[in-house]
Amino acid sequence: MKERKTNNQILVPTDFSDVARCAVNHAGSVAKAYGNEITLVYVIEESFLGGIFSKGQSAIMKDAISTKLEVRAKEVSEQFGVKVTTRVETGKVYKAIAEIANNEGYNSIIMGSHGASGLEQIVGSNASRTIQYAEVPVVVVKSSDIGKNGYQKIVMPFDLTIESRQKLDWGINVAKKFDSEIHIVYSDSDDEYLDRKMKNNIAVIKNALTKNNVKFTLYEFKDSVFDNFANEIHNYAKIIEADLIVAMTHTEKGIGEMVIGTLTQQLVNKAENIAIMCIYPTETGFNYDY
């Protein structure tokens with residue numbers, strides 16, 4: 001895979017809500033492990049700002065937010081021992097976040113979902129929209145904080161698409177950094193050809209994990225009996241008490257199953273205590289060196 005050049009920074013949108021604080025803590029732990037820097041960003045909705053405040057009041061509000069961000073940045077920097085910078089932007093929240101990350105070479109985005117209302121507007125539906133626009137990995141966090149040892153159990157669903165396997169490098173990278181165990185989940189099929197093709201894919205994945213000395217477990221869903229892939233993944237992740245689910249932003253599915261909406265969006269909606277890492281697929285073919 002051709003490496004994307006980055007500025008070695010994690011972009012963390014915040015609105016000072018509890019779930020945004022969880023996201024900042026995730027970012028702090030990841031930044032400490034990888035040697036990243038963090039940028040805390042608050043995005044003020046343009047329509048909200050213009051509709052309520054005068055020009056002078058808007059400037060006062062921005063200054064107040066900047067001051068609050070600086071205080072939070074200092075706390076995070078002292079807690080995790082990483083460099084933290086801040087910025088305040090105006091615009092559509094999800095578009096501003098994605099454009100900053102895409103255009104300025106950010107390593108990734110870590111953000112909360114289901115935040116508060118009113119001024120605390122960064123999170124919530126903006127998370128799922130950011131996933132659609134961002135061309136960098138987006139980690140979506142809800143109410144769960146990251147453990148002291150990072151991501152110990154990672155669930156990775158696979159289907160038959162080329163794009164699905166693109167997440168493997170990311171999973172291996174995280175697993176090696178935190179000494180994680182990867183749980184590979186996939187479904188069988190009544191179609192002999194499709195089933196054989198999936199087994200071949202799984203063999204390649206097993207070889208890659210073994211080659212990289214990553215601990216792993218395989219779990220096969222019975223396609224004929226499960227509800228849908230997202231439900232099964234979520235239920236499995238809850239049972240094993242997973243810390244992270246890694247999925248692609250395109251549609252991944254069980255063999256022969258039609259999914260309404262992307263797997264990632266469904267998982268973001270369902271997962272309450274498990275972070276979701278959403279990987280943007282490359283547009284062309286993927287060359288594997290396993």
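## The sheet

Two strands count as paired if DSSP finds at least two bridges between them. In this predicted model, ten strands form an open sheet with mixed pairing, in the order E3-E2-E1-E4-E5-E10-E9-E6-E7-E8. Strand E3 (84–90) and strand E8 (215–221) are the edge strands, each pairing on one side only. On average, and with direction ignored, neighbouring strands of the sheet are turned by 20 degrees against each other.

Strands of a sheet pair through backbone hydrogen bonds, either parallel or antiparallel. Strand E4 (residues 108–112) and strand E5 (residues 138–141) pair in the parallel sense, over four bridges. Here Gly-112 stands opposite Val-141 in E5.

## Helices on the sheet

Helix H1 packs on the sheet and touches E1, strand E2 (37–44), E4, E5 and strand E10 (275–279). The direction of H1 makes about 150 degrees with that of E4. Helix H8 also packs on the sheet, where it touches strand E6 (153–157), strand E7 (181–187), E8 and E9. The direction of H8 makes about 135 degrees with that of E8.

## Helix H1 against helix H6

Two packed helices are described by the angle between their axes and the distance between the axes. For helix H1 (residues 18–34) and helix H6 (residues 167–178), the axes come within 11 Å and cross at roughly 80 degrees. Angles of 65 to 115 degrees count as roughly perpendicular, so H1 is roughly perpendicular to H6.

On the H1 side, the contact is made by Ser-29, Val-30, Ala-33 and Tyr-34; on the H6 side, by Asn-173, Val-174, Lys-177 and Phe-178. These residues divide into five nonpolar, two polar and one charged.

Ser-17 lies in the loop between strand E1 (9–13) and H1. Its relative accessible area is 5%, so Ser-17 is buried. The side chain of Ser-17 makes a polar contact with the side chain of Asp-15, at 2.6 Å.

In helix H4 (residues 93–103), the buried residues are Val-93, Tyr-94, Ala-96, Ile-97, Ala-98, Ile-100 and Ala-101. Just after H4, Gly-105 takes a positive phi of about 70 degrees.

Most residues other than glycine have a negative phi. Asn-8, in the segment before E1, has a positive phi near 65 degrees. Asn-8 counts as partly exposed because its relative accessibility is 32%.

Glu-241 is not a glycine either, and has a positive phi of about 60 degrees. Glu-241 sits in the loop between helix H8 (229–239) and strand E9 (244–248). With a relative accessible area of 62%, Glu-241 is exposed.

Definitions and conventions. Residues are numbered from 1 along each chain as its sequence is written. Side-chain values use heavy atoms; hydrogens and water are left out. Axes are lines fitted to C-alpha atoms, for helices over the stretch in contact, and angles run from 0 to 180 degrees between N-to-C directions. Helices (H or I, at least four residues) and strands (E, at least two) are DSSP runs, numbered from the N terminus. Angles under 35 degrees count as roughly parallel, over 145 as roughly antiparallel, 65 to 115 as roughly perpendicular and the rest as oblique. Contact means heavy atoms within 4.5 Å. Ala, Val, Leu, Ile, Met, Phe, Trp, Tyr, Cys and Pro count as nonpolar, Asp, Glu, Lys and Arg as charged, and the others, Gly among them, as polar. Buried means under 20% relative accessible area, exposed over 50%, partly exposed in between (1.4 Å probe, protein chains only). A polar contact is a pair of N or O atoms within 3.5 Å; within protein, one must be able to donate a hydrogen and the other to accept it, and residues adjacent in sequence count only if both atoms are side-chain atoms.
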